Amino acid sequence: METQENTRIPAQNLQADTSKKWKSAISKYEGVICLAIVFSLFYYLGQSMGMANMLNTLMHTAHDLLLNTVFYLMGICVLTGALGRIFVEFGVVKMLERLLRPLMKPLFHLPGVASLGAVMTFLSDNPAIISLASDKRFSSYFKKFQFISLTNFGTAFGMGLLVMVFMVGQGFFWQPLVGFFGAFCGCVVSTRLMQYFVVKNYPHYAVEDATETNPEEKIEETKTEKSGFIRVLNSLLDGGRTGVDVGLAIIPGVLIISTLVMILTFGPSPTGDYTGAAYEGVALLPYLADKINFIFDWLFGFSDPHLIAFPITALGAVGAALGLVPNFISQGWIDGNAIAVFTAIGMCWSGYLSTHTAMLDSLGYRELTPKAILSHTIGGISAAIVAHITYLAVTAIFF
């Protein structure tokens with residue numbers, strides 16, 4: 001035993017020394033590495049699009065995202081923030097905590113009150129969960145590791161109502177319900193996986209409260225000191241003000257990440273030329289995905305390689321991904337299985353690549369963004385697989 005322990009210790013020391021040397025080397029040349037990566041990216045884009053067109057596309061895309069996406073999301077945050085504060089003020093949060101605790105705890109390892117976040121994001125978009133999380137009375141129900149996982153939990157239901165209504169409008173009725181079930185399962189995977197990563201890296205977060213505020217005392221104090229009208233007015237204004245703050249906080253993440261994703265996802269203009277307009281790009285991501293389409297055919301049941309453009313686009317913006325569906329239908333590429341998978345992955349991912357950074361930044365846990373993105377990537381893939389398998393089972397039993 002002593003010999004084994006003695007040989008193990010030098011091996012561990014050697015491994016630690018090697019790791020330090022690699023980190024030191026990377027730190028020494030990180031400036032050069034950074035310049036090489038940035039130069040390579042812009043050289044590739046500039047060579048394909050033309051330098052002037054590339055710069056114009058970057059600026060026009062960011063500008064359009066600011067006007068038509070960020071301000072839209074800010075409006076959602078203001079409205080949902082106000083509604084969420086009303087629910088907190090008048091006991092809806094407390095009621096949900098009691099009713100849904102048996103369901104939320106075993107599935108998501110979250111308090112029952114978290115279901116309010118799922119409802120709000122389903123009716124609106126991902127940042128709605130942050131409007132709720134910014135309320136200390138809401139966050140007081142959570143441990144830190146649970147509170148951080150709200151980013152993954154809420155995102156999995158983002159724009160769910162819009163996605164399902166859109167799919168029904170295309171003439172598919174029960175397939176979106178299959179997709180909703182897949183998104184629900186993907187949410188369980190993403191949320192629990194994120195909690196695992198957080199506790200593994202920060203074990204003390206498992207026992208620390210997200211906030212020290214006692215929700216019961218705060219609500220009771222407000223009830224006794226203020227009239228019902230004043231409480232409604234204060235809740236609406238305070239919740240709306242929180243929504244404005246959240247809307248400002250998501251600007252960097254949406255503009256930077258979404259612009260990069262879209263320029264790598266979309267192609268040139270309909271004429272095949274680059275004009276410098278917004279949302280043009282080099283279509284690198286679809287090109288790479290086409291090389292391994294057999295994997296997506298096996299996992300998701302996609303009958304055409306073009307269908308992979310939907311989940312890739314949903315990484316940045318599910319609204320843009322939905323815009324692809326009518327063209328897919330006109331081309332005859334769409335079937336019921338694709339609609340179920342699109343609904344599942346569209347809801348579960350719902351542009352998480354462009355919002356996770358901003359959402360975790362606003363919560364104050366920016367350093368955990370890579371863990372959240374990895375967890376949600378796995379969750380979205382799981383949602384699509386579950387939707388595909390469920391669709392096959394339903395069609396085999398009932399059709």
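How much accessible surface does the protein have, and what share of it belongs to carbon and sulfur atoms? The accessible surface comes to about 19,300 Å² (Shrake-Rupley method, 1.4 Å probe), and 67% of it belongs to carbon and sulfur atoms. The model is a predicted one, in which local features need pLDDT of at least 70 and side-chain atom pairs count only at pLDDT 80 or more, whereas totals for chains, interfaces and linings use all residues. Residues are numbered from 1 along each chain as its sequence is written, and side-chain values use heavy atoms, with hydrogens and water left out.

The protein has 21 helices and zero strands, taken as DSSP runs (H or I, at least four residues, for helices; E, at least two, for strands). Of its 399 residues, 46% count as buried, that is, under 20% relative accessible area with a 1.4 Å probe. Among contacts (heavy atoms within 4.5 Å) between residues at least 6 apart in sequence, 78% join residues at least 24 apart.

Helix α19 (residues 336–349) packs against helix α21 (residues 369–398) at an angle of about 155 degrees, with the axes, lines fitted to C-alpha atoms over the stretch in contact, 8 Å apart. The two helices are therefore roughly antiparallel (over 145 degrees). Residues making this contact include A340, V341 and W349 of α19 and I381, A384 and Y391 of α21.

S139, found in helix α6 (residues 136–139), has 4% relative accessibility and therefore counts as buried. Leaving aside neighbours within four places in sequence, S139 is in contact with A133, F147, A210 and T211.

Terms used: Axes fitted to C-alpha atoms, helices over the stretch in contact; angles between N-to-C directions. Parallel < 35°, antiparallel > 145°, perpendicular 65-115°, else oblique. Buried < 20%, exposed > 50% of the residue type's maximum accessible area, 1.4 Å probe, protein only.
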